[in-house]
Each structure stands twice: as structure tokens, then as C-alpha cells.
Amino acid sequence: MSEIDVWESSRQRPGRRFEPTHELVLHDLAVEVASSLPGASRGIVRVRELAGPIGIPDLTVLIGDAEPLEARLALDVPPLLNEIDAAIAATAYQRSPRSVAAVARALGWPEETILRRVPGLVRSGALVRSGAKTFTRPEALRPVGQILAIEAKIKDWRRALAQARTYSVWSDNYVIVMGSLAKSTVERLREEVAQDSGGLVVDGNWVVRPRKRELARTKRMWASEHLVAGLVGMDHQPSAAP
């Protein structure tokens with residue numbers, strides 16, 4: 001397996017918080033957990049403290065073949081960080097021109113909303129006009145793989161769960177990595193996480209592994225574009241997996 005490790009996103013929160021040694025150790029464990037996620041054998045990208053669409057996970061993991069990510073990074077189109085822009089691009093077709101009306105119907109939005117955003121998307125190269133009100137999108141502008149958010153906490157499982165559920169609005173799934181917890185607490189957290197189809201690691205051991213979730217393509221595109229933004233301008237060279 002090959003992987004790309006990017007320890008510092010190019011789009012992070014301002015400033016740096018102080019992290020005690022035991023929390024840093026837990027974050028190292030989160031990195032190891034990423035390597036054992038389902039599908040990781042196809043390749044992974046791990047980004048620390050990526051500024052996601054909503055919130056900043058301790059670790060964001062992209063799972064999948066590297067080609068879609070490489071193609072997107074090579075595309076001369078700025079990342080679509082606006083949710084509306086990402087949704088319009090996600091709903092456009094690659095080869096067959098699609099009308100503003102069709103996109104509006106698919107998204108359940110007024111046509112005026114689409115029309116307001118189209119000129120800027122065309123100027124950026126995210127859409128290519130094929131008629132007055134029809135357009136396509138570049139082939140490389142698509143979700144680049146499966147994205148999971150990993151949140152690590154020593155003891156505060158309620159906060160970890162709340163943050164992870166926030167990330168699940170835009171990520172394909174989440175994994176919570178906790179330190180040692182009481183047996184009753186582990187069981188309670190396990191039930192909550194399993195209900196979400198998420199993943200849970202406690203004291204270095206898998207308690208629940210994440211299951212596949214169906215996330216809307218518009219959300220997947222939005223998350224993908226934020227990950228791309230976090231990698232723009234960085235040197236991403238494949239390295240041997242640990």
C-alpha cells in the first residue's frame with residue numbers, strides 16, 4: 001500500500017493550541033487507526049487539523065486511489081468552498097450538457113439561485129458553457145474519494161461524540177479515538193456510535209468499526225473541495241506505509 005501523509009493542512013485555524021503529551025500520544029494513535037480503516041489498502045491521505053466545511057477534526061482521512069486527487073489538484077480551478085457552488089458542480093454532468101432548470105429541480109432550489117452562481121463558476125472554470133443556460137463540468141471536478149473524520153479525546157466522550165456528529169454532516173463517516181474509559185461508559189458510547197454507523201477506538205482497541213453510509217453527492221463534493229483546499233500548494237509525495 002502507498003499513502004500520502006500531510007501533517008499540516010494549508011488551511012488551518014489561526015494560532016496553535018497547547019496540547020499535553022498524553023493528548024499528542026492519542027493523536028499518534030489516531031494516525032495508526034487511519035491505516036486500519038476499511039479500504040485503506042487502496043491508499044490513504046491523512047491531514048491533521050483540516051479546516052472542514054463545519055468544524056476541524058483532529059485528523060481527516062481520504063481513502064481511495066490517488067488518481068482522482070492528483071487530477072483535481074492539477075485542475076486549474078480554485079476549490080469550491082461555498083456549499084451552493086459545490087452542489088451545483090456536483091449536480092452538473094461531465095459530458096452531457098445540463099440546463100439550469102434541470103439542476104434547480106435536482107437540488108430543489110429556485111432557478112434564480114443557480115443563475116446567480118453560474119457566471120462565477122464559469123469564470124473559475126468549474127463549469128463550461130455549452131449554451132445560454134446549459135453547461136458541463138470538468139472531468140476532474142468530482143469527489144476525490146471516501147473522507148472520514150477522526151476525533152481524539154482522552155476522557156470527554158460527550159464532546160467527542162458531539163464533534164464527530166457535526167463532522168458527519170459532510171464526511172462519509174467518523175471515528176472517535178478515546179483513552180481508557182470505564183466499562184459502563186464504553187458501552188454507552190458504543191451504542192451511540194453504532195447507531196450512527198460510526199467507528200470507536202478505546203484505549204488502543206477497536207470497539208466498533210465504521211460502516212458504509214450513504215451521503216449525498218453534493219455533501220461529498222463539498223467535503224472533497226475543502227480537502228483539496230487543504231492540500232493546495234503542498235508537496236504530497238507517496239511514501240511507504242508503516
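**View 1. Helix H5 spans residues 111-124.** Its 14 residues reach 20 Å from first to last C-alpha, close to the 20 Å expected at 1.5 Å a residue, the expected span being 1.5 Å times one less than the number of residues. Helices (H or I, at least four residues) and strands (E, at least two) are DSSP runs numbered from the N terminus. The model is predicted: local features need pLDDT of at least 70 and side-chain atom pairs pLDDT 80 or more, while totals for chains, interfaces and linings use all residues. Residues are numbered from 1 along each chain as its sequence is written, and side-chain values use heavy atoms, without hydrogens and water.

**View 2. H5 has a kink of about 30° at Val118.** The bend is the angle between axes fitted to the seven residues ending at a residue and the seven starting there. Beyond the helix comes Gly125, with a positive phi near 95°.

**View 3. Thr113, Ile114, Val118 and Leu121 of H5 are buried.** Buried means under 20% relative accessible area (1.4 Å probe, protein chains only). Their cover includes helices H3 (83-91) and H4 (100-107) and strands S5 (128-129) and S6 (134-136).

**View 4. Leu69, Ile88, Ile114 and Phe135 touch the most other members of the largest nonpolar core, which has 35 residues.** Such a core joins buried Ala, Val, Leu, Ile, Met, Phe, Trp, Tyr and Cys residues through side-chain atoms within 4.5 Å. H8 (217-231) is among the elements giving two or more residues, and supplies the largest share, six.

How values were computed. Buried < 20%, exposed > 50% of the residue type's maximum accessible area, 1.4 Å probe, protein only. Contact = heavy atoms within 4.5 Å.
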